[in-house]
Amino acid sequence: MVTNLPREALHKWGEVALAKRPKEKIKKIQEFLSLVPKHKGTESLRDHAKRKIASLREEIVDKKRKKIGVGRSSFFIEKEGDTQIVILGFTNVGRSSLLSILTNANVEISSYPYTTKEPTPGMFQYQDLQFQLVEAPALIENVADRGARGLKTLTVARNADGLLLMVDLSKDPIQQYSLISKELEKARILTRKPKGKVEIERTYKGAGLKIIIVGRLLNSTFKDIEELLKGYGIYDAMVKIQGEATVDDVEDAIFEGTVYRPTILIANKTDYPNTAQKIEQLENFIGDEIRILPASCKTKNGLEKLGSEIFEMLDIIRVYTKEPNKRSPSKKPFTTKVDSTILDLAKKIHSDFYKQFSYAKIWAKRLRFSPQKVGGNFILEDGDTVELHMH
Ligand SMILES: Nc1nc2c(ncn2[C@@H]2O[C@H](COP(=O)(O)OP(=O)(O)OP(=O)(O)O)[C@@H](O)[C@H]2O)c(=O)[nH]1
Ligand SMILES: [Mg+2]
């Protein structure tokens with residue numbers, strides 16, 4: 001990816017990472033941009049930096065809005081409706097139609113193009129979970145290269161927990177899918193699960209600077225990574241690799257570049273004639289890494305499966321918490337990643353639960369008897385009930 005950047009540019013990026021406030025970050029990125037030579041090889045990096053500025057600006061605006069009326073989070077926040085799924089597609093594919101079927105959002109559906117101009121949210125109830133669906137404004141070809149509006153659409157997608165891509169079967173679905181993929185690629189949003197995940201934690205300790213790497217490196221050595229990081233002015237960092245990663249993946253992580261968003265592709269308008277063949281061609285084209293859901297917003301066929309498909313795609317489980325002196329657990333579940341432990345859950349609920357964790361009682365169908373007393377490393381499954389005990 002990025003090669004032969006001038007040393008000052010690399011170091012400037014290090015300063016971007018150190019900047020705490022969005023305003024300060026924007027300034028540093030602008031300085032960084034002025035140090036990056038303008039040629040084809042740095043194009044994607046420059047685009048990325050510009051998008052980063054755009055999303056930081058949004059963050060500033062958002063924070064200003066939130067200042068009015070949003071207080072500190074209370075002790076037991078039910079983290080519901082915190083899963084955000086963005087609906088992406090070209091105009092008239094039926095994004096608003098989908099939103100209006102699944103949620104109570106007030107949206108305008110029309111055969112005129114570009115009806116939806118702002119990201120529009122609605123709550124989709126699936127069993128005891130609430131997914132927040134957001135209709136993004138229509139994608140336009142080369143949207144990633146356009147001005148503020150185009151960036152906004154992709155920023156909305158970047159910030160989501162998952163994506164629903166939509167194509168229109170009355171037109172050429174493969175062409176639409178290819179164009180959407182291209183835009184997502186430019187915005188560095190992956191829709192297929194990467195082999196590994198890299199996180200870089202800057203430690204900023206000052207004294208005893210060092211680089212620690214946890215995980216498996218692919219085709220590279222510790223030294224390569226150390227040199228790469230030093231090139232960016234990073235002398236103290238913990239590089240955490242889940243799975244395996246190459247030097248490029250680590251460099252991507254320095255730029256907080258690529259994100260993975262689990263994705264379902266909705267092939268809409270199955271009520272049109274001769275769509276079976278198009279669906280088959282689409283399936284052959286995409287392979288089995290992205291789920292394809294043929295559906296019709298007109299007849300509602302296929303949509304009954306969407307809730308469970310979203311739940312599966314998110315790789316999450318539901319856990320019900322019970323307070324020690326209460327007879328029944330909370331009606332609303334906490335959601336946490338598959339394979340989470342009790343301690344992961346405790347951390348999610350409140351840092352005090354995590355810090356002062358002593359033991360947990362657990363009720364689960366797979367256990368011979370319930371409740372059982374378990375430790376923090378117990379791995380949770382969907383539907384478990386947990387009672388946390390602190391020291
Ligand atoms: N036959 C058929 N028509 C559909 C279906 N879904 C949506 N439509 C029609 O397609 C047109 C566009 O639908 P919208 O839901 O407004 O599409 P959108 O993607 O939100 O479009 P914009 O917001 O304008 O970009 C409308 O006339 C809908 O009635 C479907 O499954 N079958
Ligand atoms: Mg719309």
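**β10 and β11.** I started with Ile-264, which stands opposite Arg-291 in β11. β10 and β11 pair in the parallel sense over four bridges (strands pair if DSSP finds at least two bridges between them; strands are DSSP runs of E, at least two residues, and helices runs of H or I, at least four, numbered from the N terminus). I then followed the chain from β10 through α9 to β11, and this β-α-β crossover is right-handed (the path from the first strand over the helix to the second runs clockwise with the strands pointing away from the viewer).

**Ground rules.** I note that this is a predicted model, where local features need pLDDT of at least 70, side-chain atom pairs count only at pLDDT 80 or more, and totals for chains, interfaces and linings use all residues. Residues are numbered from 1 along each chain as its sequence is written, while chains are lettered from A and ligands numbered from 1 in the order in which they are written.

**The sheet.** I read the strand order as β2-β3-β1-β4-β10-β11, six strands in an open sheet with mixed pairing. β2 (120-126) and β11 (291-294) are the edge strands, each pairing on one side only. I also looked at β1 and β3, which run parallel and are joined by five bridges. Val-86 has Val-134 in β3 as its bridge partner.

**Helices on the sheet.** I found α4 lying across β1, β2, β3 and β4, at about 155 degrees to β3 (angles run from 0 to 180 degrees between N-to-C directions, with axes fitted to C-alpha atoms, for helices over the stretch in contact). α10 lies across β1, β2, β3, β4, β10 and β11, and runs at about 170 degrees to β11.

**α6 against α9.** I checked this pair next: the axes of α6 and α9 (residues 275-286) come within 9 Å and cross at roughly 35 degrees. Pro-173, Ile-174 and Tyr-177 of α6 meet α9 residues Lys-278, Gln-281, Leu-282, Phe-285 and Ile-286 (contact puts C-beta atoms, placed from the backbone, within 7 Å).

**Core.** Which residues have the most contacts inside the largest nonpolar core? I get Val-86, Ile-87, Leu-88, Ala-157 and Leu-165, in a core of 39 residues (buried Ala, Val, Leu, Ile, Met, Phe, Trp, Tyr and Cys joined through C-beta atoms within 7 Å; buried takes 20 or more other C-beta atoms within 10 Å, exposed 12 or fewer, partly exposed in between, with C-beta atoms placed from the backbone). β4 gives the largest share, five residues. I also noted a second, separate core of 21 residues, including Ala-9 and Ile-225.

Methods
Two residues are in contact if their C-beta atoms, placed from the backbone, lie within 7 Å.
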